[in-house]
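Welcome! Please take a moment to look at the sequence and the model before reading on.

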Amino acid sequence: MIIAIDFDGTISRGKYPAIDGLQPYAVDTINALYDAGHYLIINTCRSGEQLLEAINFMLEQGIKFHRVNDNEPESVKLYGNNSRKIYAHQYIDDKNLGGFPGWLQTYEMIQQFEQEYHEKATTAQAASA
């Protein structure tokens, strides 16, 4: 699955533009999602020097990701453009309705969603056969 992850308030603690450390379990959870084969896009409003600071912070912390503020190439090909809106199956952001539940609960939710996603895909394939 493609997962878009916000930076401020989700990966990092503190309020923009400060980077006041990591949210608990952020590195382990994000890296587990990456290692499980998910395509991770950091989706942030940061730009310029503040974006560079965020990218360097993630690299220093060992956070794995595929892209920053840029769509996955297959999505660009499928939709014929590289829209400003990042296409993803799931969005992880502290501004979600209900807020950010924390990385441990987020990981459980992603696993449940992934199972449902694959079940629907399998059912659709069987129906079309």
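The model is predicted: local features need pLDDT of at least 70, side-chain atom pairs count only at pLDDT 80 or more, and totals for chains, interfaces and linings use all residues. Residues are numbered from 1 along each chain as its sequence is written, and side-chain values use heavy atoms, with hydrogens and water left out.

**The cores**

A nonpolar core here is a set of buried Ala, Val, Leu, Ile, Met, Phe, Trp, Tyr and Cys residues joined through side-chain atoms within 4.5 Å. Buried stands for under 20% relative accessible area, exposed for over 50%, and partly exposed for what is in between (1.4 Å probe, protein chains only). The largest nonpolar core holds 22 residues, and Ile3, Ile5, Ile11, Ile30, Ile42 and Trp103 have the most contacts inside it. Two or more residues each come from β1 (2–5), α1 (26–35), β2 (39–42), α2 (48–61) and α4 (103–128). These helices (H or I, at least four residues) and strands (E, at least two) are DSSP runs, numbered from the N terminus. Another core, of six residues, lies apart from the largest one, and includes Ile2, Ala4, Ile86 and Ala88.

**Helix α1**

Which residues of α1 are buried? They are Ala26, Val27, Thr29, Ile30, Asn31 and Leu33, and they pack against β1, β2, α2 and α4. Contact means heavy atoms within 4.5 Å. By that rule, and leaving aside neighbours within four places in sequence, Ile30 meets Ile5, Ile11, Leu40, Ile63, Lys64 and Trp103. Just after α1 comes Gly37, with a positive phi of about 100°.

| Residue | Relative accessible area | Class |
|---|---|---|
| Ala18 | 30% | partly exposed |
| Val27 | 17% | buried |
| Ser75 | 6% | buried |

Ala18 sits in the loop between β1 and α1. Not counting residues up to four places away in sequence, Ala18 touches Asp8, Arg13 and Arg46. From C-alpha to C-alpha, Ala18 and Asp8 are 8.6 Å apart in space, and they are ten residues apart in sequence.

Val27 belongs to helix α1. With residues up to four places away in sequence not counted, Val27 touches Leu22, Gln61, Gly62 and Ile63. Val27 and Lys64 are 37 residues apart in sequence, yet 8.2 Å apart in space, C-alpha to C-alpha.

Ser75 is part of helix α3 (residues 73–79). Its touching partners are Ile2 and Tyr87, again not counting residues up to four places away in sequence.
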